[in-house]
Amino acid sequence: FVPDNTGIGSGFFVGPRTLVTARHVVEDLGSLRYQIVDEAGQTYLPRCEELHPDSDIDLACVHVESEFVGRPMLLGTGPRLLEEVVAFGYPPVAQLTDILLCTRGEVAATTRAVYGRGPDVFLLSCLMRPGNSGGPVIGESGLVIGIVARNLHHQTPQTADGTDVHKALGVATAFPARYLRDIPGVSQVGG
């Protein structure tokens, strides 16, 4: 997602004209005009956006005007505790632009989003940064089992010096891919 030549989040295609990202990536754009650029440099213009019907679930889909030239990703089930995963995204890296970063880790826990309440999330043992939000989490099956979400720092305790406890522990948050089926535009692509 690129407003004014500055990337702000990640996403992935689940259908020829449908991609998935984190809800906050879309919401943070507000009324800004943006474009989506894939790993081959192809540009896609958004046609419309759909947010997950539960505002506590940090997921959205974007429908684009032109057809994706690559192969859409397939959605799987899971996660399983200690399952090995690879997360993909485009966080900013000093002096590099538009570089896809892959991070390996495992499913460290499955839990409720905030102190035992709210939607299911899973925690990853790999560190995610702003810009990874909306990127896919690929499980051992080779399928998307989750989507990188906003770290829960705005809802979790901080140390005396203001450090987010989840980040200090090296924990990243993801929503299970099954929640994507609640968004009409994703459920229609058969993901």
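Modeller: Happy to! One term before we start: a residue is called buried when its relative accessible area is under 20%. Also keep in mind that this is a predicted model.

Biologist: Okay, so is Phe175 buried or exposed?

Modeller: Phe175 is buried, because its relative accessible area is 4% and the cut-off is under 20%.

Biologist: And how is the ring of Phe175 placed relative to the ring of Tyr179?

Modeller: The structure holds 4 aromatic pairs. In the pair of Phe175 and Tyr179, the ring centres are 6.1 Å apart and the planes meet at 75 degrees, so this pair is edge-to-face.

Biologist: Why give both a distance and an angle?

Modeller: Those two values, the distance of the centres and the angle of the planes, are how a pair of aromatic rings is described.

Biologist: Which residues do ring pairs link into a cluster?

Modeller: That cluster is made of Phe13, Tyr44 and Phe68.

Biologist: Switching topic: how many salt bridges does the structure hold?

Modeller: There are 4 salt bridges. In general, side chains of opposite charge can pair when their charged atoms come close. One of the bridges joins Glu27 and Arg23, at 3.1 Å from N to O.

Biologist: What does Arg80 pair with?

Modeller: The side chain of Arg80 meets Glu83 in a salt bridge at 3.8 Å, and it meets Glu140 in another at 2.8 Å. Both distances run from N to O. These bridges share partners, joining Arg80, Glu83 and Glu140 into one network.

Biologist: Where in the chain are Glu140 and Arg80?

Modeller: They link distant parts of the chain, 60 residues apart. Glu140 is in the loop between β10 (136-138) and β11 (144-148). Arg80 is in the loop between β6 (60-64) and β7 (84-89).

Biologist: You mentioned β11. What about Val148?

Modeller: Val148 lies in strand β11 and counts as buried, at 2% relative accessibility. Leaving aside neighbours within four places in sequence, Val148 has contacts including Ala22, Ala87, Met128, Asn132 and Thr173.

Biologist: How far apart are the C-alpha atoms of Val148 and Asn132?

Modeller: Those C-alpha atoms are separated by 6.6 Å, while the two residues are 16 apart along the chain.

Biologist: Last one: where is the confidence lowest and where is it highest?

Modeller: Confidence is lowest in helix α2 (residues 165-168), with a mean pLDDT of 50, and highest in β10, at 97. Across the protein chain the average pLDDT is 82, and 79% of the residues score at least 70. Where pLDDT is low, the predicted coordinates should not be read in detail.

Notes. Residues are numbered from 1 along each chain as its sequence is written. This is a predicted model: local features need pLDDT of at least 70, side-chain atom pairs count only at pLDDT 80 or more; totals for chains, interfaces and linings use all residues. Side-chain values use heavy atoms; hydrogens and water are left out. Helices (H or I, at least four residues) and strands (E, at least two) are DSSP runs, numbered from the N terminus. pLDDT is the predictor's confidence in each residue, from 0 to 100. Buried means under 20% relative accessible area, exposed over 50%, partly exposed in between (1.4 Å probe, protein chains only). Contact means heavy atoms within 4.5 Å. Rings of Phe, Tyr and Trp (its six-membered ring) pair if their centres lie within 6.5 Å; planes under 30 degrees apart count as stacked, over 60 as edge-to-face and the rest as tilted.
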